[in-house]
Amino acid sequence: MLKDKIKNRESGILFYGITPPKAKNSQEDLKVIAAKHIDRIKKLDIDGLVLYDIQDESDRTDLERPFPFIETVDPCDYAKNYLDAPLHIPVIIYRAVGKYNKFEFTKWIEDRKGRDFFSVFVGAASKETKVTIGMKEAYKIKKETNDDMIIGGITIPERHSIKQDEHIRVFEKIDSGCEFFVSQCVYDLMGAKRFLDDYVEYAKKHNRKMVPIIFTITPCGSSKTLDFMKWLGINIPKHLEDRLKNSENILEESVRLSRDIFEILYFYAKGKGIPIGCNVESVAIRKEEIDASIKLLHDIQKIMDR
């Protein structure tokens, strides 16, 4: 049970992350897409399915967006209306809290009382983003309205290389009710290791318990996708970017690279007593990239079974 693994702060939690379909799809198209998702996901031995709440993020940077922003179906609606009954696995709903007003957000939390429900609260893409409610208020509403809801937070390990305070941010979010963390996609191995070092040292120094850190990894199918990942703020060290762009098959190379990065982080964290897991992300629509994400997930399972 995912709830027990989170509450017991266990290592080895495995998620599979997808993006809901585009909102412009017809009802019939949504049913077809959902059927394909169900057929793929029901064969996977995972602890939970992550559904992202997509934001534009264009106000985070002046650089041109490599791919146009297209609104997607609300992840909670997609899970409830298209995936819930056939899958029978926990779904972790990302919630970009700034997209909703206080009434909408409060009602959404109220409606989930009385059953196990998992969510990851996501803040604004930048300080310039106009929001109705912020993260502190979102945590407060959750605590006052439905404190039994199990929530996670976002962590960005490579940000630690610059600000050196990501571990403090994590513990502040733990104080606000977060019981696990899902990272932004990781390609910066050293940044992630430095974050883990400070995370465990802070916990020891202040006699704090650590919660699971779920590192996200994702296949990359093209140079343009790699540029988009960089646009999103993912730090890809120059030597790894060159390695991917100069490879004969960037998709296969990214699978190998992602697997190797997680394997190092997994045993590095376990050696320090840090509960660690993995979120294999599949946000592409090309069959080749979807198949690559499944292969990567199976590779990760083998690593965590060792």
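**Entry: a proline in a loop**

I began with P20 and found that P20 counts as buried, at 2% relative accessibility; in these notes buried means under 20% relative accessible area, exposed means over 50%, and partly exposed lies in between, with a 1.4 Å probe and protein chains only. I am working from a predicted model, in which local features need pLDDT of at least 70 and side-chain atom pairs count only at pLDDT 80 or more, while totals for chains, interfaces and linings use all residues. Residues are numbered from 1 along each chain as its sequence is written, and side-chain values use heavy atoms, with hydrogens and water left out.

I placed P20 in the loop between β1 (14-18) and α2 (27-41), where helices (H or I, at least four residues) and strands (E, at least two) are DSSP runs numbered from the N terminus. Not counting residues up to four places away in sequence, P20 touches L51, Y52, T72, V73, P75 and Y78, a contact being heavy atoms within 4.5 Å. I also looked up P20 against A35, and the two are 15 residues apart in sequence and 13 Å apart in space, C-alpha to C-alpha.

I next turned to R95, which lies in strand β3 (residues 91-96). Is R95 buried or exposed? R95 is buried, with a relative accessible area of 6%. Its side chain makes a polar contact with the side chain of D74, at 2.9 Å; a polar contact is a pair of N or O atoms within 3.5 Å, and within protein one must be able to donate a hydrogen and the other to accept it, with residues adjacent in sequence counting only if both atoms are side-chain atoms. Apart from residues up to four places away in sequence, R95 touches a list of residues that includes D53, D74, P75, Y100, W108 and S119.

S119 counts as buried, at 0% relative accessibility. Leaving aside neighbours within four places in sequence, S119 is in contact with I92, I93, R95, W108, M149, I150, I151, G152 and F180.

I found I109 in helix α4 (residues 102-110), and I109 counts as buried, at 0% relative accessibility. Which residues does I109 contact, leaving aside its neighbours within four places in sequence? I109 is in contact with F121, I141, K142, T145, N146 and M149. The C-alpha atoms of I109 and K142 are separated by 6.6 Å, although the two residues are 33 apart along the chain.

V200 is in helix α8 and is buried, with a relative accessible area of 2%. Not counting residues up to four places away in sequence, V200 touches M210, K272 and I274.

**Entry: helix pairs**

Two packed helices are described by the angle between their axes and the distance between the axes. The axes are lines fitted to C-alpha atoms, for helices over the stretch in contact, and angles run from 0 to 180 degrees between N-to-C directions.

I read that helix α8 (residues 189-205) and helix α11 (residues 250-271) pack at an angle of about 15°, with axes 11 Å apart. That makes α8 roughly parallel to α11, as angles under 35 degrees count as roughly parallel, over 145 as roughly antiparallel, 65 to 115 as roughly perpendicular and the rest as oblique. On the α8 side I noted L189, A192, K193, L196 and D197, which meet I261, I264, L265, Y268 and A269 in α11.

For helix α9 (residues 223-231) and helix α10 (residues 238-245), the axes come within 10 Å and cross at roughly 160°, which means that α9 is roughly antiparallel to α10. The contact is made by S223, L226, D227 and K230 of α9 and by E241, L244 and K245 of α10.

**Entry: two positive phi values**

Last, I checked backbone angles. Phi of H88 is near 55°, a positive value in a residue other than glycine; H88 is in the loop between α3 (75-87) and β3 and counts as exposed, at 67% relative accessibility. Phi of N207 is also near 55°; N207 is in the loop between α8 and β7 (213-217) and is exposed, with a relative accessible area of 72%.
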